[in-house]
Amino acid sequence: MLKNQSLPIIKKAFFIGFSAFLFSAGALNVAPKSSASPGFFEYQWYPEEGYKKLRYLQSSSERLERATYYFFLRGKERKADISKLTLRVPDYFEAKIKPEKLSLCRVNIGSYTSRTRCLENVPSEIKINEDQTSIDISPEKAIPFNKDSYAVVMKIFNPRKRGMFQFQAFSQNVGEIDISTYLGTWNIDVQ
């Protein structure tokens, strides 16, 4: 009698286990790939005293893929009107950066319900040094000190090598002598 009662229990357990397996296997195939975005956790080996993390958006973090980077400068991260913006690119970031693929714009930073998009292009002169370790952006009109967010938009192919790359932002304020002020750092990850 015990043998007859255990057979339906074994069938039910097998059915439940097999169903769970099929569901999980199907969920792996249907689940969307995650897009590249800044992580929730960031660790620095030797944190610098004045380090400030800046927000960014990266359309792809895969090696050698076409990507669009949005380096955000929100209103609370600027302390005065900016007449010149300098981005320091790490020398081991081996990607071709072309001036025609760079732009500066007033931006709407996206969220869960809206996409990041440029609202207004800011005419500016963009220069890149020969080593491609420094990008100088001089807008025709100074970037005002207000609540609006601005972004440097860069369209490139990601580098061949994986790694974490720190892009640093420096600004020259209106009326100052050529003294650059540190704004913050964008930590870009290429997998």
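Which pattern does the protein follow when read along the sequence? The pattern is α-β-β-β-β-β-β-β-β-β-β, and the secondary structure comes to 1 helix and 10 strands. The model described here is predicted. Of its 191 residues, 34% count as buried.

**Overall organisation**

- Among the contacts with a separation of 6 or more, 68% are accounted for by residues 24 or more positions apart.
- The protein has an accessible surface of about 13300 Å², and carbon and sulfur atoms contribute 56% of that surface.

**Salt bridges**

- Side chains of opposite charge can pair when their charged atoms come close.
- A search of the whole structure finds 5 salt bridges.
- One of them joins Glu 77 to Arg 74, with 2.9 Å between the closest N and O atoms. Glu 77 counts as buried because its relative accessibility is 11%, under the 20% limit. Arg 74, at 19% relative accessibility, also counts as buried.
- Another salt bridge pairs Glu 94 with Arg 160, whose closest N and O atoms are 3.8 Å apart. This pair links distant parts of the chain, 66 residues apart: Glu 94 lies in the loop between β3 and β4, and Arg 160 in the loop between β8 (149-157) and β9 (163-173). Glu 94 is partly exposed, with a relative accessible area of 43%.
- Lys 127 forms a salt bridge with Glu 125, and the closest N and O atoms are 3.4 Å apart. Both partners are partly exposed: the relative accessible area is 49% for Lys 127 and 44% for Glu 125.

**Positive charge on the surface**

- A surface patch of positive charge gathers Arg 66, Lys 96, Lys 98, Lys 101 and Lys 155.

**Backbone angles in loops**

- Most residues other than glycine have a negative phi.
- Leu 64 is not a glycine, yet has a positive phi of about 60°. Leu 64 is found in the loop between β1 (56-58) and β2 (66-73) and is exposed, with a relative accessible area of 54%.
- Gln 132, likewise not a glycine, has a positive phi of about 60°. Gln 132 is located in the loop between β6 (124-128) and β7 (134-139).

Note on methods
Residues are numbered from 1 along each chain as its sequence is written. This is a predicted model: local features need pLDDT of at least 70, side-chain atom pairs count only at pLDDT 80 or more; totals for chains, interfaces and linings use all residues. Side-chain values use heavy atoms; hydrogens and water are left out. Helices (H or I, at least four residues) and strands (E, at least two) are DSSP runs, numbered from the N terminus. Buried means under 20% relative accessible area, exposed over 50%, partly exposed in between (1.4 Å probe, protein chains only). Contact means heavy atoms within 4.5 Å. Accessible areas come from the Shrake-Rupley method with a 1.4 Å probe; for residues, only the protein chains shown count as cover. Patches are made of residues with over 30% relative accessible area and no salt bridge: like charges are joined within 9 Å, nonpolar side chains (Val, Leu, Ile, Met, Phe, Trp, Tyr) within 5 Å. A salt bridge is a side-chain nitrogen of Lys or Arg within 4 Å of a carboxyl oxygen of Asp or Glu. Lys and Arg count as positive and Asp and Glu as negative; His and the chain ends are not counted. The place of a charge is taken as NZ of Lys, CZ of Arg, CG of Asp or CD of Glu.
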